[in-house]
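Here are my notes on this structure, written for someone opening it for the first time. Please keep the viewer at hand while reading.

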Amino acid sequence: MNINLFAGLFFWGMVVRSLSQLITVSVTLTQGLLTWISYGLWVSAGVMAVYAGVRHLRPGKHDRVNTEAGHEE
């Protein structure tokens, strides 16, 4: 899991959410679209965090100890 990608999604989610709040022109379609984009980015970041947590807790092939020497592989 790349922490920079997670942080970027969260950051841009905050930027888009802030822009949706700062729009002074009453364009409901644009405000709604920006709101849904920010929620989508936040959900994506949340899913990535949950996936990373589950992957960290679940033992996999990479967690097994390799007892063979490097030249025997």
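1. First, a term. Two residues are in contact when heavy atoms of theirs lie within 4.5 Å. Please also keep in mind that this is a predicted model.

2. Start with the fold. The protein chain has two helices and zero strands. Take the contacts between residues at least 6 apart in sequence: 56% of them join residues at least 24 apart.

3. Next, the surface. The protein chain has 73 residues, and 14% of them are buried.

4. Now look at S38. Is S38 buried or exposed? Its relative accessible area is 0%. The cut-off for buried is under 20%, so S38 is buried. S38 sits in helix α2. Which residues does S38 touch once its neighbours within four places in sequence are left aside? They are G13, V16 and R17.

5. Turn to the aromatic rings. A ring pair is described by two values: the distance of the centres and the angle of the planes. How many aromatic pairs does a search of the whole structure find? The search finds three. One of them is W36 with Y39. The ring centres of W36 and Y39 are 6.0 Å apart, with 85 degrees between the planes. Angles over 60 degrees count as edge-to-face, so the W36 and Y39 pair is edge-to-face.

6. Where do these two residues sit? Both W36 and Y39 belong to helix α2, which covers residues 28–57. They are three residues apart, so about one helical turn separates them. W36 is exposed, at 65% relative accessible area. Y39 is partly exposed, at 33% relative accessibility.

7. Y39 has a further partner. Y39 and W42 also form an aromatic pair, and this one is tilted. Their centres are 5.9 Å apart, and the planes make an angle of 55 degrees. Y39 and W42 are again in helix α2, three residues apart, about one turn of the helix. W42 has 27% relative accessibility.

8. W36, Y39 and W42 form one aromatic cluster. Y39 pairs with W36 edge-to-face, and with W42 in a tilted arrangement. Helix α2 therefore carries the exposed W36 as well as the buried S38.

Technical notes: Residues numbered from 1 in each chain as written. Predicted model: local features only at pLDDT ≥ 70, side-chain atom pairs only at ≥ 80, totals over all residues. Heavy atoms only, no water. Phe/Tyr/Trp six-rings, centres within 6.5 Å; stacked < 30°, edge-to-face > 60°. Helix = DSSP H or I, 4+ residues; strand = E, 2+ residues; numbered from the N terminus. Buried < 20%, exposed > 50% of the residue type's maximum accessible area, 1.4 Å probe, protein only.
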